[in-house]
Amino acid sequence: MTDAAHQVHPVPSRLLNDPKFPKPHVNSFENYEKIYEESIKDPETFWGKKANELLHWHKPFEAVLSGGFEHGDVAWFREGELNASYNCVDRHAYANPDKVAMIYEADEPGNSRHITYGELLHQVCRLANALKALGLKKGDTVAIYMPMVPEAAIAFLACARLGIIHSVVFAGFSSGALRDRINDASSKIVITSDEGRRGGKTIHIKKIVDEALKECPTIEHVLVFRRTGSDVPFSAPRDLWWHEELEKYRPYCPPEIVDAEDPLFLLYTSGSTGKPKGVLHTTAGYLLGAAITLKYVFDYHENDIYGCMADIGWITGHTYIIYGPLVNGGTTVLFESTPMYPTPSRYWEVVAKHKITQFYTAPTAIRLLRRHGNDYVKGHDLSSLRVIGSVGEPINPEAWEWYYEVVGRKECAVVDTYWQTETGSIILTPLPGATPMKPGSATFPFFGIQPVVLDPVSGKELEGNDVEGVLAIKKPWPSLARTVYNDHNRYLKTYLNPYKGYYFTGDGVGRDKDGYYWIRGRVDDVMNVAGHRLSTAEIESALICHQSVAEAAVIGIDDELTGQCVHAFTTLKDDQIADVKELTLQVRNVIGPFAAPKKIYIVNDLPKTRSGKIMRRILRKIVSGESDQLGDLSTLADPSIIPVLIEKVKSS
Ligand code: WTA
């Protein structure tokens, strides 16, 4: 471990003492410990109280928690009724119609737009009325395949208003990936746009949708928002223009009041098999997780401008661009561009321009900007910032220090937040006014979360400090996903059965001598590339779908910039030819450009056990330059292939 990781940084005194700033909600470590203890000792009282404090209920709940991990039958706030869009929009629109709900910072610098809560309510209602007129109703599923425009948020909220389950597909996914997600969820409508703009480039979104829809029998309509105004293929009556439809309807639509446990959305994520799973979140629990973590983890106060740089296509965008800020009545920034466009100063221009108070991004972006040097940060007024956050992968202490010193000028709290698509909201994190920070550690559990370090083999809880194992959570919390869409058994198998009685995260973890948690990365076949979650099996099956490929083995390799990168080994069928370029294109086409392997090695044979299992461990060692430490090779069927593989990797 590097020196940086051993340093403990106290809470910046500016946060606690500067009269210009609001007093932190939790302003000492003792205060955190006290609330945490209460939340663990009596979770039902804690969550029941928070649910009433942070959410508006149309009908009060009768029980806080029912069920448990043992049977996979967890339910929160039974018999309670509410509506997520009412909670995120209406109540704020009535109290404060002119408050800015969203700031849209478009790809082109200089192009931004403010949307008030009053306007947001109108737009959400018009769209909800349009969806209703198309025959959609509670429990139906709608696919959203949109660029980072406010209309994407409007689409989320219009679905929520009617109890329709939204299934957002990141607009970087290929047509094939979109098709599979639409079909798995039996979505009836796709909400999309003509094109997207990102980093000065055009993304041909509608064309990708058309390609996907060649094999989507459940889709009845495509609602197309005009982002660029270019000519795009349009086939009436299936396709409808957003602006033409919305014009037809009045700007009020009564919210459909739903049960606390009714689904709010599906979000597909990679697991250790090739088929992505539709992680299902329910209304009240998810919304409460979003509300409480936004408030405490980012120390959100009323006049803050909250900027999360993620994409709405991932869970971070769902929880911390849309639901978290809006349920708290906050102002959220929707950033359409990239940290590099038109220069590596873009983030800091945006912070200064909109006076962002909380800024949230991923380690991969931090490392990239660090590499470009401090000059791009200097000269921008970042004094509005109080909290700067990191999410999606372990942040190396050097990148953490740079973020803290150069971006935060040692005056901001850095929150290294650990969570997952499945957890719905942050579960390990410092609190800005309370937690002394250690660079690279997600520090301590959030309220109500009981993390345990398990021995991976025996499954026993490792007590005390200075232990290493796998991370599991002992007790349910409201925003945990309830199931995998149409596959509850897979939910049990993946999360609840590996260690009976616990939720298993799939991550390795250490708890150091001071009780700080350190996430070590995935212990399963999931890779983390630039904060994107990818499964080795998913990329392997994309490669195998190529007519020439016989077998494929995919591994994650450490990468200075992207955390991990993808390397793939393939063998070809007899008499077949294929080049690396073609195989890379294959992955881009089946999954999306972000999954493309950095390196593909076409080889004659893969290392296998005698029973035919591919030994990825060996490939990983060879690529990492550790071929002198291949470990136990006694189960390897044909040791003679090792030198051949080493030579191949060396010469590529
Ligand atoms: C990893 C993203 C270390 C982890 C919100 C987890 C992290 C996976 C951190 C979930 C962090 C996320 N430190 N690792 N602060 N945050 N991860 O579902 O491996 O896209 O299991 O959710 O990202 O990725 P997902």
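In which helix is the place of R371? R371 sits in helix 14, which covers residues 363-372; helices here are DSSP runs of H or I with at least four residues, strands are runs of E with at least two, and both are numbered from the N terminus. The model is a predicted one, in which local features need pLDDT of at least 70, side-chain atom pairs count only at pLDDT 80 or more, and totals for chains, interfaces and linings use all residues. Residues are numbered from 1 along each chain as its sequence is written, and side-chain values use heavy atoms, with hydrogens and water left out.

R371 has a relative accessible area of 55% and is therefore exposed; the cut-offs are under 20% for buried, over 50% for exposed, and partly exposed in between, with a 1.4 Å probe and protein chains only. Leaving out residues up to four places away in sequence, R371 touches E560 and L561, where contact means heavy atoms within 4.5 Å. The C-alpha atoms of R371 and A399 are 9.6 Å apart in space, while the two residues are 28 residues apart in sequence.

With a relative accessible area of 35%, R617 is partly exposed. Its contacts, not counting residues up to four places away in sequence, are L630, G631 and D632. From R617 to G631 the C-alpha separation is 9.3 Å, and these residues are 14 residues apart along the chain.

The next topic is helix packing. Two packed helices are described by the angle between their axes and the distance between the axes. Helix 5 (residues 84-95) packs on helix 6 (residues 117-133) at an angle of about 130 degrees, and their axes are 8 Å apart. That angle makes helix 5 oblique to helix 6. Angles under 35 degrees count as roughly parallel, over 145 as roughly antiparallel, 65 to 115 as roughly perpendicular, and the rest as oblique. The axes are lines fitted to C-alpha atoms over the stretch in contact, and angles run from 0 to 180 degrees between N-to-C directions. On the helix 5 side, the contact includes S85, C88 and H92, and on the helix 6 side it includes Y117, L120 and V124. By class, this contact has eight nonpolar, three polar and one charged residues; Ala, Val, Leu, Ile, Met, Phe, Trp, Tyr, Cys and Pro count as nonpolar, Asp, Glu, Lys and Arg as charged, and the others, Gly among them, as polar.

In soluble globular proteins, nonpolar side chains tend to be buried together. The largest nonpolar core here has 127 residues, and L120 and Y323 are among those with the most contacts inside it. A nonpolar core is a set of buried Ala, Val, Leu, Ile, Met, Phe, Trp, Tyr and Cys residues joined through side-chain atoms within 4.5 Å. Y323 touches C88, F156 and H318, among others, not counting residues up to four places away in sequence. A second, separate core of 39 residues includes W314 and I600.

Some backbone details remain. Most residues other than glycine have a negative phi, and most peptide bonds are trans. The bond joining A236 and P237 is cis, with omega about 0 degrees, and P237 is in the loop between strand 11 (221-225) and strand 12 (239-241). K410 is not a glycine, yet has a positive phi of about 55 degrees. K410 lies in the loop between helix 15 (397-407) and strand 20 (413-417).
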